[in-house]
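Subject: Structure handover

Hello,

Please find the structure below. My notes on it follow.

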Amino acid sequence: MGELGNATNVAGDDSRAEQPGRQKESVGGKDELPPPPLSASDVKDDDLGEVEQRIAAAGEAKYNRLSWKQLTLLLIVDAVALGALSIPHAFATLGMIAGVVCCVGIGLIAVYTSWIIGKVKLAFPSVQHYGDAGGLLLGRFGYELFSAVFVIQLIFVVGSHCLTGTIAFANITESSVCSLVFGIVSMIILFLLSIPSSFADITFLGYIDFVSILGAIGITMIATGIQSSNAPGGLSAVPWSAYPKEDVTFTEAYVAIGDIVFAYSFAACQFSFMGEMHTPEDYTKSIWVLGSIEILIYTLTGAIIYAFVGPTVESPALLSAGTTVSRIAFGVALPVIFISGSINCIVVGRLVHARVYKNSVIRYINTARGWMTWILFVAVITLIAWVIAEAIPFFTDLLSIISALFTSGFSFYLPPIMWLFLLCKGKWYSRENLPFAIINFLVFLMGLAVLVCGLYSSIDDIRNTYRIGRVRSPFSCAQT
């Protein structure tokens with residue numbers, strides 16, 4: 001969309017109609033109209049100067065380097081964060097059996113919907129982000145709606161990482177310094193990590209991110225296991241249960257399931273990541289590797305830590321490892337907090353920057369002006385995310401509402417719709433399509449359930465928070 005040279009060059013068009021207000025010129029004794037000025041969208045690649053052609057060629061090469069292994073790392077960075085350490089608390093609510101079933105089942109569903117998204121990208125290579133998919137479904141209105149929702153969701157995610165960084169710094173330092181200071185430090189770190197504009201340039205951070213989250217999980221597992229072993233009765237005395245806890249409320253049950261659902265919500269950025277792949281057909285390797293890693297990490301983390309701690313496990317679980325160990329675990333987890341947040345910032349920045357400069361070589365971000373505008377865009381995005389996170393008293397619950405509204409669609413109920421209208425060939429009830437139609441219908445219903453139940457639970461939790469007086473003041477020094 002918006003590529004240079006998409007429009008017809010009007011320089012040699014003899015069929016121009018005379019336009020009001022334009023003066024005639026005498027050329028060779030004949031009255032002729034002067035050619036109208038060319039806009040950027042009217043310029044073909046052949047009309048670009050030599051310098052601009054080199055810039056465009058270098059830009060195309062810059063954003064066409066991603067392998068399936070690098071895509072896997074990006075998806076891991078985007079998907080596996082501190083949310084993994086909320087899974088044991090979900091197990092404490094759901095019980096061991098339901099917890100394992102949800103981790104494995106929802107993980108397989110997430111892989112399936114991600115597979116559909118990849119198929120849409122292959123069928124429509126011009127799709128660069130979820131907004132373009134909205135355009136395929138609903139035209140210009142769908143493009144604008146999906147793009148706006150996509151940007152809003154990711155800005156809120158960046159804000160959540162900024163807030164998580166604030167909490168991590170406060171726990172690590174145990175300082176009396178106002179948390180706003182840690183919030184500003186977190187914002188600056190997110191900004192600096194978001195400066196690279198190409199996903200291929202930041203994939204090396206994926207290794208650091210992955211080691212970081214595995215380290216935090218491993219420290220938490222070892223610490224809680226040692227604590228339980230040294231307690232009276234040892235591990236056999238831990239009162240974990242195979243079944244849901246007694247008198248569990250609907251809100252508690254859904255919040256637990258929602259923690260697992262949103263831990264698998266990695267599909268929203270997949271269009272953006274695949275746009276840089278040199279061999280997009282290899283995406284299936286990435287999603288299966290990612291899905292297997294996520295299912296393994298989430299299931300083992302939830303089951304083992306819940307078995308070590310029991311129903312009193314906190315969220316995130318590293319808070320159950322003791323004061324000193326939790327400070328160490330937070331320190332180890334700092335890279336994953338900021339690297340995962342920066343990925344979302346880059347995705348938003350790329351979308352907005354490419355839209356503003358869609359008819360200019362500035363969009364390639366390989367010139368002085370391109371870098372200046374890119375850095376400005378990233379700075380504004382991180383600043384907005386920080387302001388939102390600090391200004392809204394119930395930001396965490398609002399983030400849950402945003403996730404229920406938007407993530408449920410991007411990851412679950414919209415892929416089945418895309419299959420029906422963009423991928424399905426022939427009647428949906430034909431012999432070859434019916435099995436997929438049934439699966440997609442069930443996934444669609446699941447997505448709607450996440451939407452409705454998530455909204456209800458989040459709003460109910462906000463009411464409870466206000467009722468017990470746990471709402472913080474905007475831009476306060478108190479942690480959330």
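**Loops and backbone**

I365 sits in the loop between α11 and α12; helices here are DSSP runs of H or I with at least four residues, strands are runs of E with at least two, and both are numbered from the N terminus. Phi of I365 is near 55 degrees, a positive value in a residue other than glycine. At 1% relative accessibility, I365 counts as buried (buried is under 20% relative accessible area, exposed over 50%, partly exposed in between, with a 1.4 Å probe and protein chains only).

The model is predicted, so local features need pLDDT of at least 70 and side-chain atom pairs count only at pLDDT 80 or more, while totals for chains, interfaces and linings use all residues. Residues are numbered from 1 along each chain as its sequence is written, and side-chain values use heavy atoms, with hydrogens and water left out.

E174 also has a positive phi, near 50 degrees, and is a residue other than glycine. E174 is in the loop between α5 and α6. The peptide bond from S315 to P316 is cis, with omega near 0 degrees. P316 belongs to the loop between α10 (283-309) and α11 (323-356).

**The chain overall**

The secondary structure comes to 14 helices and two strands. Of the 480 residues, 49% count as buried. The accessible surface of the chain is about 21,600 Å², and 65% of that belongs to carbon and sulfur atoms; areas come from the Shrake-Rupley method with a 1.4 Å probe, and for residues only the protein chains shown count as cover. Among contacts (heavy atoms within 4.5 Å) between residues at least 6 apart in sequence, 83% join residues at least 24 apart.

**Helix packing**

Two packed helices are described by the angle between their axes and the distance between the axes. Axes are lines fitted to C-alpha atoms, for helices over the stretch in contact, and angles run from 0 to 180 degrees between N-to-C directions.

The axes of α6 (residues 179-193) and α12 (residues 368-391) come within 9 Å and cross at roughly 150 degrees. That makes α6 roughly antiparallel to α12 (under 35 degrees counts as roughly parallel, over 145 as roughly antiparallel, 65 to 115 as roughly perpendicular and the rest as oblique). The crossing of α6 and α12 is right-handed, a term for the near helix being turned clockwise from the far one by less than a right angle, with anticlockwise being left-handed. On the α6 side the contact is made by L180, G183, I184, M187, L190 and F191, and on the α12 side by I375, V378, A379, T382, L383, W386 and E390. These residues divide into 10 nonpolar, two polar and one charged; Ala, Val, Leu, Ile, Met, Phe, Trp, Tyr, Cys and Pro count as nonpolar, Asp, Glu, Lys and Arg as charged, and the others, Gly among them, as polar.

α3 (residues 87-94) packs on α10 at an angle of about 65 degrees, with the axes 8 Å apart. This crossing of α3 and α10 is right-handed. I87, P88, F91 and A92 of α3 meet Y298, T299, T301, G302, A303, I305 and Y306 of α10. Eight residues of that contact are nonpolar, three are polar and none is charged.

**Two single residues**

S326, in helix α11, counts as buried at 6% relative accessibility. Leaving aside neighbours within four places in sequence, S326 is in contact with L318 and L319.

L145 lies in α5 (residues 130-173) and is partly exposed, with a relative accessible area of 37%.

Regards
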